[in-house]
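Subject: Structure handover and findings

Dear colleague,

Please find below the structure that I am handing over to you.

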Amino acid sequence: MSYDAIVLAGGAARRLGGADKPALSVGGRALLDRVLDACPDARTTVVVGDRRATARPVHWTREDPPGGGPVAALDAGLRRTTAELVLVLSADLPFLDRETVRALLEAPSAPEAPGQDGAMLRDPDGRDQPLVAAYRAEPLRREIALLAAEHGTLTGLPLRVLTAELDLARVTSRPLASFDCDTWDDLAAARARIREHGSVLEQWITAVKSELGIDLTVDTKTLLDLARDAAHGVARPAAPLTTFLVGYAAAHAAATGADPAQAVAEASRKAADLALRWADEAAADSAEQNGSG
């Protein structure tokens, strides 16, 4: 699905004391980078805000004058896009995921709940999130132009005066997809949630993949089972070394044309079988020594 993405990253962050909110980190990664990771396949990505280092290339722009509010910022971003469908996101969504983005992009065409002008996320409390939405560009441009003509300026206008005129489908949010960081307490809560037992491995693997610039489906259970077998059947330090070698072997296989996920699975299977054979041999030797003794 072809789409452009606009990320609004130029707010004043008054509730954070004016801190550079998009650069604040959750799980060792800037909030802006976490949002950019949710829409990697956007044809063009425009960030409305001050330039800063990002994990992937983006186009930069600013509303005029800076600090003109979300409608003015959205208009500035929209002027740099050409796709018929535009994903609009705020830069402070630490748990936004690709599945949610995909649902937003597909919702306007869904027969069960069509939205002529796009789709907007609705959080678990029933609140609409206009900065987690996919809009059709033509009606969005039309309504922005009408607002500019009516008010003489877009500066200071709230988003609700724009979205109220659009026919939008609603997409129910996953529990944390719409969680945003407006205060220091929000940021602390996000940092705590990312380390919760049930999600820490998924979050860590996603962060590592982003840091290393790879996009690979990781079968966490298979790798953990392999690490366990190597640690118990050989020696504890064998666990990380074995998983490293599996990754290296899989990368080598992928370089020759193999599917990366299948290459990891095959290398893991071979290494796990070897660890089990190693353990069986050690057990047999021990039994023999005990019998002869």
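A salt bridge is a side-chain nitrogen of Lys or Arg within 4 Å of a carboxyl oxygen of Asp or Glu. This is a predicted model, in which local features need pLDDT of at least 70 and side-chain atom pairs count only at pLDDT 80 or more, while totals for chains, interfaces and linings use all residues. Residues are numbered from 1 along each chain as its sequence is written, and side-chain values use heavy atoms, with hydrogens and water left out.

Salt bridges

The structure holds 23 salt bridges. One of them joins the side chains of Asp 182 and Lys 21, at 3.3 Å from N to O. Asp 182 lies in the loop between E9 and H6, and Lys 21 in the loop between strand E1 (4-8) and strand E2 (25-26), so this pair ties together parts that are 161 residues apart in sequence. Helices (H or I, at least four residues) and strands (E, at least two) are DSSP runs, numbered from the N terminus. Lys 21 is buried, with a relative accessible area of 16%, whereas Asp 182 counts as partly exposed at 25%. Here, buried means under 20% relative accessible area, exposed over 50%, and partly exposed in between (1.4 Å probe, protein chains only).

Asp 128 and Arg 122 form another salt bridge through their side chains (2.9 Å, N to O). Asp 128 is partly exposed at 30% relative accessibility, and Arg 122 is partly exposed at 32%. A further salt bridge links the side chains of Arg 127 and Asp 125 (3.3 Å, N to O). Arg 127 is partly exposed, at 49%, while Asp 125 is exposed, at 60%.

Asp 229 belongs to helix H8 (residues 220-233) and is buried, with a relative accessible area of 15%. Leaving aside residues up to four places away in sequence, Asp 229 touches Val 234, Ala 272, Ala 275 and Leu 276; contact means heavy atoms within 4.5 Å.

Thr 183 is found in the loop between strand E9 (168-172) and helix H6 (184-193). Thr 183 is also buried, at 16% relative accessible area. Beyond residues up to four places away in sequence, Thr 183 touches Arg 15 and Leu 16.

Yours sincerely
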